[in-house]
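Here are my notes for someone opening this one for the first time. Have the sequence and the model side by side as you read.

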Amino acid sequence: MRRIPIFIGLVVLLCYNTSCESKKHETEVETKFLVSSPIVKDTSITKDYVCQIHSVRHIELRALEKGYLQHIYVDEGQTVTKGQKMFYIMPNVYQADLQKAKAEAEVAEIQYKNTQLLADGNVVSANELAMAKAEFDRAKAEVALAETHLGFTDIRAPFDGIMDHLEAREGSLLDEGELLTTLSDNSKMWVYFNVPEAEYLDYITSADKNSKKAVELLMANNKKFNQGGIVETIEGEFNNETGNIAFRATFPNPDGILRHGETGSILMTVPLKNAMLIPQKATFEVLDKKYVFVIDKEGKVTQREIEIGAELQHLFVVVKGLSKDDKVLLEGIRMVKNGEKIHYTFEKPDKILSSLDLYAE
């Protein structure tokens, strides 16, 4: 009689294990994956280009005359105004040359006047009077030239700007043409960036090619400059080595934040017509190549390589490898294998996109 409870217990345990295995199998079979299709719509992307920032006017100040640098009236990094005195070269030699030229001009003037009196009395010929007049004119030209040379010893700012590094010190003996410093007008900045040929063609053939393109500047600290810019000009030739052409954007610089020689990135918004979009989470990488799992009519997943043309927030723009009718696995990528048959739930792409945090026009 004691064998009966033992037998019944074994039967109950066996039924329990069988039930658990059945439920586990049903759970595996009922696992469904989320699937959707790419969506095709108009949107825009922001492209960035490495850029060089230049002052709208950046010049070198050089000594136009040879001599000793007697005074420096400005300091490095100082803001100067147009006409402000900056450097003074010892003028002694040039002052002496001017005095000499003035004295010679006075002698020539006296000789000319005497000759004029003699010519009026028909004592000398008209040719002698003309010679005296020419000598007087030459002497006056020498005075003007001496005044010019003397003026070159007083070097003043040609425009409002910021002075750069001093290349000479007081007491230095300067040669003609020797560099003193550079001066930058930073009221506006010219920002140069290189654009590949294909993107240039898209830009130049677009409907709004005649309107000035608005751009933004990302500075080296990864912050946007507080002023917007516009693309004003495109250079005339491509660089044969890089296949790029230079664009120039102009930015106002009222606070003087930007300086000549800085670097950054130009941010340009580019419209995309009929772009094919898929969520980034639907992709995976193998040896630096992008792939997705595509589901066929029988529910079998197939690994397929795709080519990404651009990146948006949470989205990729696909340019090759998919069609708008393909079904793409969105979740559980690590849970499936190539060639495996799965059960899935299809969600409309519009609903998938609305659940993503994105910006698209």
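How many residues does helix H3 have, and how far does H3 reach from its first C-alpha to its last?

1. Helix H3, residues 126-151, has 26 residues and reaches 38 Å between those two atoms, close to the 38 Å expected at 1.5 Å a residue. The expected span is 1.5 Å times one less than the number of residues. A word on how to read all this: the model is predicted, local features need pLDDT of at least 70, side-chain atom pairs count only at pLDDT 80 or more, and totals for chains, interfaces and linings use all residues. Residues are numbered from 1 along each chain as its sequence is written, and side-chain values use heavy atoms, with hydrogens and water left out.

2. For orientation, the protein has 5 helices and 19 strands. Among contacts with a separation of 6 or more, 75% are between residues 24 or more positions apart. A contact here means heavy atoms within 4.5 Å.

3. Back to H3. Which of its residues are buried? They are Leu129, Ala132, Phe136, Ala139, Val143, Ala146 and Leu150. An α-helix has 3.6 residues a turn, so residues three or four places apart point the same way. The cover over the buried residues of H3 includes helix H2 (92-120) and strand E6 (154-156).

4. Strand E6 also belongs to an open sheet of 4 strands, in the order E6-E5-E3-E8, with antiparallel pairing. E6 and strand E8 (173-174) are at the edges with a single partner strand each, so one side of each has no neighbour in the sheet. Strand E5 (residues 85-89) is joined to E6 by 3 bridges, and Lys85 has Arg156 in E6 as its bridge partner. Strands count as paired if DSSP finds at least two bridges between them.

5. Now look at strand E2 (residues 39-62). E2 pairs with strand E13 (residues 263-279) in the antiparallel sense over 13 bridges, with Lys41 opposite Ala275. E2 also runs antiparallel to strand E9 (residues 179-196), joined by 11 bridges; there, Arg62 has Leu179 as its bridge partner. Ser55 counts as buried, at 5% relative accessibility, and touches Ser184, Asp185, Asn186, Lys188, Met189 and His260, leaving aside residues up to four places away in sequence.

6. There are 8 aromatic pairs. The rule covers rings of Phe, Tyr and Trp (its six-membered ring) with centres within 6.5 Å; planes under 30 degrees apart are stacked, over 60 edge-to-face, and the rest tilted. Tyr49 and Phe193 make a tilted pair, 5.5 Å centre to centre with 35 degrees between the planes. Tyr49 lies in E2 and Phe193 in E9, so the pair ties together parts 144 residues apart in sequence. Both Tyr49 and Phe193 are buried. Why is the pair of Tyr200 and Phe238 edge-to-face? Their ring centres are 5.3 Å apart and their planes are at 85 degrees, so the pair falls in that class. Ring pairs also link Tyr49, Phe193, Tyr203 and Phe247 into a cluster.

7. Two charges sit over rings, meaning NZ of Lys or CZ of Arg within 6 Å of the ring centre and within 35 degrees of the ring normal. The charged end of Arg57 is over the ring of Phe159, 4.2 Å from its centre. Arg248 lies over the face of Trp190, at 3.8 Å from the ring centre.

Notes: Buried means under 20% relative accessible area, exposed over 50%, partly exposed in between (1.4 Å probe, protein chains only).
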